[in-house]
Amino acid sequence: MKAAVVFEKGATPQYADFQDPQVTKDNEQLVYVKAASIKHLDRARASGKHYSTENEEHHPKIIGSDGAGILENGERVYFFSKRGTVAEKAIADKHMTVPIPDGLDFATASALPNAIMGSAMGLRFKTQLKTGETVLINGATGVTGMIAVQIAKLYGAKKVIATGRNEEALQALRELGADEVISLKMNDGELTQKIKEIHSQTPIDVVLDYIWGHSIELLLSSIKGDGNFSHKTRLVSVGGMSGDTIQLSSQILRGTDLQISGSGLGSWTPEEFKLLLTEIIPQMFQAAAEGKIKMETEVIDLEDIESVWQNEIPNRKRLVVLI
C-alpha cells in the first residue's frame, strides 16, 4: 500500500510503499483510510521531539495518530491508531473508533477531534465549566482555540473572551461566538489594564491557555488579589507556543483564589478518555454536522505529503491528507 513514511528520525515523510497492516488481535479492525489530519503532535512525533517518543528507538514508520475512513462493513468511522494513519489502510482498536454522522465529510471528521481534545477535555474535566461562567481563551486564533470558543459557548459560557496576535483571526472569532477580543500586540501596561478592567466587571472564571509564556505572566498579575477575598479563577494549560516556562510570584498564589492545572496526553483519566470517545466527540460531530461548529481545512493528496510537509499552513486551517 501507499503511505507517508518517515524512514529516518527527523526526516521529511515520503510517499512510499509500505507493508499492508495486519489484524493480529481480536480487538483490532482494518480501516480503509479516507482522510488524516496533520497536527503539531504528528509533526513532533515524526521528528522524535515529542515527549512521548523522545526515548523510543526509531524504525521506519507511518506518520499520523488518527484518521477517518471506512470499515470493512461499510461503516464510516473516526479512529485512533498507534501504527500510523496517513496511509491507504490502518489498524484501529475496536474500542477507539467513533461513528461519523451523516452530513459530516471525512476531512472535517479527521481534523475536528484533536481540536476537541485540546478544548473540551480541559473545559469539561479540568475546569468543570458551569453554565453562565466567563471564559478567557488565551491564544485563540489557532485552529484549536477557534474550536474552543465555539465549544465554550455550547457548554454554556455566558461570556467568551479571546486573545491573540492575528487581527484578522480575532475578528473572525466574533463570528464564531467570542463576545470580546483582545490583541496581544498591546504593550504590557495596556494589556494588563485591559484584563484588570474586564476582571473587575465580569470576573474571569476560566482561562484556557494555548501559548503560556509572557502573556500568562501578565494575565496572572492582572487578576492578582489585593488582600481581600478574591474571585476563584481556574487556569488550564493546553499548549506552550510562546514558551514552556513562566515566572510565577508566590504572592499571586497566596493572594489569589487560583487553580492551575494542565490538559493533555497523560493528564486525563481512563474514565475521562472513555467519555471523550463515547460522548464528547460524538456530540461535537453532530454539532458540526448541524453547522453549530465550523472548522476550516487545507486538503492535499497523499502523494504530495513530502512537498508540503515544511509549508506553513494558514493559521485558521488544519492540514488534511486525502487518501
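Glu28 counts as buried, at 12% relative accessibility. Buried means under 20% relative accessible area, exposed means over 50%, and partly exposed lies in between, with a 1.4 Å probe and protein chains only. This is a predicted model, in which local features need pLDDT of at least 70, side-chain atom pairs count only at pLDDT 80 or more, and totals for chains, interfaces and linings use all residues. Residues are numbered from 1 along each chain as its sequence is written, and side-chain values use heavy atoms, with hydrogens and water left out.

Glu28 is found in strand 3, residues 28-38. Strands (E, at least two residues) and helices (H or I, at least four) are DSSP runs, numbered from the N terminus. Beyond its neighbours within four places in sequence, Glu28 is in contact with Gln22, Val23, Arg83, Ile91, Ala92 and Lys94. Contact means heavy atoms within 4.5 Å. The side chain of Glu28 makes a polar contact with the side chain of Arg83, at 3.2 Å. It also reaches the backbone nitrogen of Thr24 at 2.9 Å. A polar contact is a pair of N or O atoms within 3.5 Å; within protein, one must be able to donate a hydrogen and the other to accept it, and residues adjacent in sequence count only if both atoms are side-chain atoms.

Follow strand 3 to its partner. Strand 3 and strand 5 pair in the antiparallel sense over 4 bridges. Two strands pair if DSSP finds at least two bridges between them. Ala35 stands opposite Ala68 in strand 5. Strand 5 (residues 66-71) has 5 of its 6 residues buried, so it is largely enclosed by the rest of the structure. Strand 5 is also joined to strand 6 (residues 76-80) by 5 bridges, and the two run antiparallel. Here Ile70 has Arg76 as its bridge partner in strand 6. The hairpin of strand 5 and strand 6 has 4 residues between the strands, and Gly74 takes a positive phi near 95° there.

Next comes an open sheet of 3 strands, in the order 2-1-4 with antiparallel pairing. Its edge strands are strand 2 (14-17) and strand 4 (61-62), each pairing on one side only. Strand 1 (residues 2-6) pairs with strand 2 in the antiparallel sense over 4 bridges. Lys2 stands opposite Asp17 in strand 2.

Now turn to helix 2. It spans residues 106-117 and is mostly covered, with 12 of its 12 residues buried. Among them are Phe106, Leu112, Asn114 and Met117. At the start of helix 2, a side-chain oxygen of Asp105 reaches to within 3.1 Å of the backbone nitrogen of Ala107. Ser119 lies in the loop between helix 2 and helix 3 (120-126). Ser119 is buried, with a relative accessible area of 0%. Not counting residues up to four places away in sequence, Ser119 touches Thr144, Ile147, Ala148, Ile151, Leu208 and Tyr210.

Another loop holds Arg165, between strand 10 (159-164) and helix 5 (167-175). Leaving aside neighbours within four places in sequence, Arg165 is in contact with Thr141, Leu184 and Lys185. The side chain of Arg165 reaches the backbone oxygen of Leu184 at 3.3 Å.

The last stop is Leu248, in the loop between strand 13 (233-237) and helix 8 (250-255). Leu248 is partly exposed, with a relative accessible area of 36%.
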